[in-house]
Amino acid sequence: MAYIFLAADDFEPHIQSKLLTANSENPIATIIEPIEKQNIAFIRSKLSGRYDMDPVFIAVGDDRNQVILKILLRMCLYDFIRRNAARKVPDDYREDYNWAIKELEKLQGGYSYAGLPGYVDGDGGEILKPIWANTTNDDNYI
């Protein structure tokens, strides 16, 4: 099996390779692949209502969306480290994971700095999705 979107070299800037391979009898790819698959499904579920995610996850090499790549890497590394010792996840990995979730929520809300492709109709024109707003007032002080 091979990674769906990630490449083995993508982890190097974020974690030392010896930390990936330490304390495991299994090859790293067999551990990361299901984690990657689950996180890709999560990203798709968050963003597919607004963006066409098929071209994003088909891209390879330098054509991959770097923002989605960074979000996916941070989510995968958090899950990878958490599987060994859930209570002992370093704060920086937890902060990275929380950052990734917040960025996904921003993208889901329409704040698109990532250059994600929208849906297109048969003529190649972009299909504009309705924008939903929340008018909840959490400030209930009188």
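Colleague: Which helix holds Asn-39?

Modeller: This is a predicted model. Asn-39 is found in helix 2, which covers residues 28-47.

Colleague: Is Asn-39 buried or exposed?

Modeller: Compare the relative accessible area with the cut-off: buried means under 20%. Asn-39 has 5%, so this residue is buried.

Colleague: What is Asn-39 in contact with, beyond its neighbours within four places in sequence?

Modeller: Leu-72, Met-75, Cys-76 and Asp-79.

Colleague: Now the whole chain. How many helices and strands does the protein chain have?

Modeller: Five helices and zero strands. From the N terminus on, the order reads α-α-α-α-α.

Colleague: What share of the residues counts as buried?

Modeller: Of 142 residues, 32%. As for the surface, the chain exposes about 9500 Å², with 50% of that supplied by carbon and sulfur atoms.

Colleague: How should I read the core?

Modeller: In soluble globular proteins, nonpolar side chains tend to be buried together. Here the largest nonpolar core has 34 residues. Those touching the most other members are Leu-6, Phe-11, Ile-43, Leu-47, Ile-68, Leu-107 and Leu-116.

Colleague: Which elements give two or more residues to this core?

Modeller: Helix 2, helix 3 (54-58), helix 4 (66-84) and helix 5 (91-108). Helix 4 gives the largest share, eleven residues.

Colleague: What does Ile-68 touch, leaving out residues up to four places away in sequence?

Modeller: Phe-5, Leu-47, Val-56, Phe-57, Leu-107 and Leu-116.

Colleague: And contacts over the chain as a whole?

Modeller: Take those with a separation of 6 or more: 74% join residues 24 or more positions apart.

Note on methods:
Residues are numbered from 1 along each chain as its sequence is written. This is a predicted model: local features need pLDDT of at least 70, side-chain atom pairs count only at pLDDT 80 or more; totals for chains, interfaces and linings use all residues. Side-chain values use heavy atoms; hydrogens and water are left out. Helices (H or I, at least four residues) and strands (E, at least two) are DSSP runs, numbered from the N terminus. Buried means under 20% relative accessible area, exposed over 50%, partly exposed in between (1.4 Å probe, protein chains only). Contact means heavy atoms within 4.5 Å. Accessible areas come from the Shrake-Rupley method with a 1.4 Å probe; for residues, only the protein chains shown count as cover. A nonpolar core is a set of buried Ala, Val, Leu, Ile, Met, Phe, Trp, Tyr and Cys residues joined through side-chain atoms within 4.5 Å.
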